[in-house]
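Colleague: I would like to go through the terms used for this model, one by one. Please show me the structure before we start.

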Amino acid sequence: TETIDITASVEGEGDGWDGVLIFSITPLDLSGFGDKNFQWIYNNQFYSLEWELEYSTYLEYKQLDHSVNGDDDYARFSTPQAAYITELSLALSDMSVDSGYSSDLSRAEFILSFVASIPYQYDYEGTGYTEYPKYPIEMLWENAGDCEDATALYISIMESLDFDVILVLLDIKTSDGEDDEWGGHAVPAIHIPNYSGEGYQWTTGEKANIPFYIAEATGYDGIGNKWWDEEQNVQMYDIE
């Protein structure tokens, strides 16, 4: 890769001001930046997935509007129909089945452990914004995200595999003395037939009375478990 040095001078222009601007341009090959290696643990076993993401697809989503004017805006960041999600979903599902996890529950938990292994990062640390929801490819490309980012990624993957998953937004707090103030949280909840655990009940339409179980996507603890003690202002959004 060749670096090009450029010098621009206004010396001798006759206006009483002299100056020189010197800068360099180094071409950057982005073709290999999309080669990702994801590593995670499930059931005490180590897994690794080498995966290629297209920079053009990342840039396409990066340039979209990321503003949030209301809670229902978070639903648009789940993209189960995107081609890159479809391909990744099938690869993870095949890996799960090949590893002996072929039931709905075990596939859902295998993939949840993959998503939860991506490092947690507050919005302002990674983007400089106090609130910046990411599309799934952004979290994959940047290998970082917070609760709404991990939620959008998990919902996208599982919906692509024909699981029924909803977005849940709520306020939570714990009573352990470390975090006893209310804070906003996003979490996916997934329907697993003949299962039980912590979750929410859809109340209207064709999905009335269907249970959806918590699938905390920022730290793997299995499906149907929650780490907070109290919750309020629960809102559920169907993702198709």
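Modeller: A network of salt bridges links Lys62, Lys134, Glu138 and Glu142. The model is predicted, so local features need pLDDT of at least 70 and side-chain atom pairs count only at pLDDT 80 or more, while totals for chains, interfaces and linings use all residues. Residues are numbered from 1 along each chain as its sequence is written, and side-chain values use heavy atoms, with hydrogens and water left out.

Colleague: What makes a contact a salt bridge?

Modeller: A side-chain nitrogen of Lys or Arg must lie within 4 Å of a carboxyl oxygen of Asp or Glu. Side chains of opposite charge can pair when their charged atoms come close. Across the whole structure, eleven salt bridges are found.

Colleague: Why do Asp164 and Lys207 count as a salt bridge?

Modeller: The N to O distance between their side chains is 2.8 Å, which is within 4 Å, so the term applies. Asp164 is in the loop between α6 and β5 (165-173), and Lys207 is in the loop between β7 and β8, so the pair ties together parts 43 residues apart in sequence. Helices (H or I, at least four residues) and strands (E, at least two) are DSSP runs, numbered from the N terminus.

Colleague: Are these two residues, Asp164 and Lys207, buried or exposed?

Modeller: Buried means under 20% relative accessible area, exposed means over 50%, and partly exposed is in between (1.4 Å probe, protein chains only). Asp164 has 19% and Lys207 has 14%, so both are buried.

Colleague: How do you know that Arg76 and Asp73 form a salt bridge?

Modeller: The closest N and O atoms of Arg76 and Asp73 are 3.9 Å apart, and that is still within the cut-off, so the pair counts. Arg76, at 30%, is partly exposed, whereas Asp73, at 19%, is buried. Another salt bridge joins Lys226 and Glu231, with 3.5 Å between the closest N and O atoms. Lys226 is partly exposed at 27%, and Glu231 is partly exposed at 27% as well.

Colleague: How many aromatic pairs are there?

Modeller: There are 19 aromatic pairs in the structure. One of them, Tyr55 with Trp141, is tilted, at 5.6 Å from centre to centre and 55° between the planes.

Colleague: Why is the pair of Tyr55 and Trp141 called tilted?

Modeller: Rings of Phe, Tyr and Trp (its six-membered ring) pair if their centres lie within 6.5 Å; planes under 30 degrees apart are stacked, over 60 edge-to-face, and the rest tilted. Tyr55 belongs to helix α1 (residues 55-62) and Trp141 to helix α5 (residues 136-142), 86 residues apart. Tyr55 is partly exposed at 31%, and Trp141 is buried at 11%.

Colleague: What makes Tyr195 and Tyr213 an edge-to-face pair?

Modeller: Their ring centres are 5.2 Å apart and their planes stand at 90°, so the pair is edge-to-face. Tyr195 is in the loop between β6 (183-190) and β7 (199-201), and Tyr213 is in strand β8 (residues 211-214). Tyr195 is partly exposed at 25%, while Tyr213 is buried at 7%.

Colleague: What makes a space a cavity, and what makes one a pocket?

Modeller: On a 1 Å grid over the protein atoms alone, a cavity is a set of points where a 1.4 Å probe fits but cannot get out; a pocket is an open set with protein on both sides within 12 Å along at least five of seven lines. There are two cavities of 30 Å³ or more. The largest cavity has a volume of about 40 Å³, and the largest pocket about 530 Å³. Of the 27 residues lining the largest pocket, Tyr120, Cys147, Gly183, Gly184 and His185 lie nearest its centre. β5 gives the most to this lining, with five residues.

Methods: On a 1 Å grid over the protein atoms alone, a cavity is a set of points where a 1.4 Å probe fits but cannot get out, and a pocket is an open set with protein on both sides within 12 Å along at least five of seven lines; lining residues have an atom within 4 Å of a point. Grid points are joined across faces, edges and corners, and a volume is the space filled by probe spheres set on the points.
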